[in-house]
Amino acid sequence: MKALTGMFLLLLLKPVIAEVYQWRDEHGRLQFSDSPPPQQLGKTSPKVETIKLEPISEIQSVKPKAGFTSTGRWREKEAAAKSRKKQRRLEREREERRMAAKKRRCKNARSKYRSNQVKSLSASSLSSLRNKHAKRDRLKQQMKENCR
């Protein structure tokens, strides 16, 4: 069984030699085939060119173009793109944190303003009433600033 498998593998590894035929048909189109072109009845046979292909026994490496070497410009572009993407992400996160803090300040200012309105504005003297109005106006101004 091992010998049969070994023979099969040797057959697969054998280089393949093939003939490729090239000709132009009656419409002038270039034709390729592994068999000769069909003969036309009553006409002269078309010109047939046989091309012999050499078997490839090893893999040939392809060198990259000058702009795509390991130290090429594409690495710089890729690094710059990653940097821009990271910068946009950081800016977006910073903006989200800023908006969350603004919402928190707005909520606190509204809470303070409402709690101050619930309390009675009655006062024992005119100066204490003025102070309460001034405090209410300050809280209202803080609420306007934080809740835009």
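## Salt bridges in this model

The structure holds six salt bridges, a salt bridge being a side-chain nitrogen of Lys or Arg within 4 Å of a carboxyl oxygen of Asp or Glu. Side chains of opposite charge can pair when their charged atoms come close.

A quick word on the background: this is a predicted model, where local features need pLDDT of at least 70, side-chain atom pairs count only at pLDDT 80 or more, and totals for chains, interfaces and linings use all residues. Residues are numbered from 1 along each chain as its sequence is written, and side-chain values use heavy atoms, with hydrogens and water left out.

Here are some of the pairs, including these:

| Salt bridge | N to O distance |
|---|---|
| Arg73 and Glu76 | 3.7 Å |
| Lys82 and Glu78 | 3.9 Å |
| Arg136 and Asp137 | 3.9 Å |

Let's start with helix 2, which covers residues 73-118 (helices are DSSP runs of H or I, at least four residues, numbered from the N terminus). Arg73 and Glu76 both sit in this helix, three residues apart, or about one turn. Lys82 and Glu78 are in helix 2 as well, four residues apart, and that puts about one helical turn between them.

How open are these side chains? Arg73 is exposed, with a relative accessible area of 54%; exposed means over 50%, buried under 20%, and partly exposed in between (1.4 Å probe, protein chains only).

As for the Arg136 and Asp137 pair, Arg136 is partly exposed at 23% relative accessibility, and Asp137 is partly exposed with 43%.

Definitions and conventions. Helix = DSSP H or I, 4+ residues; strand = E, 2+ residues; numbered from the N terminus.
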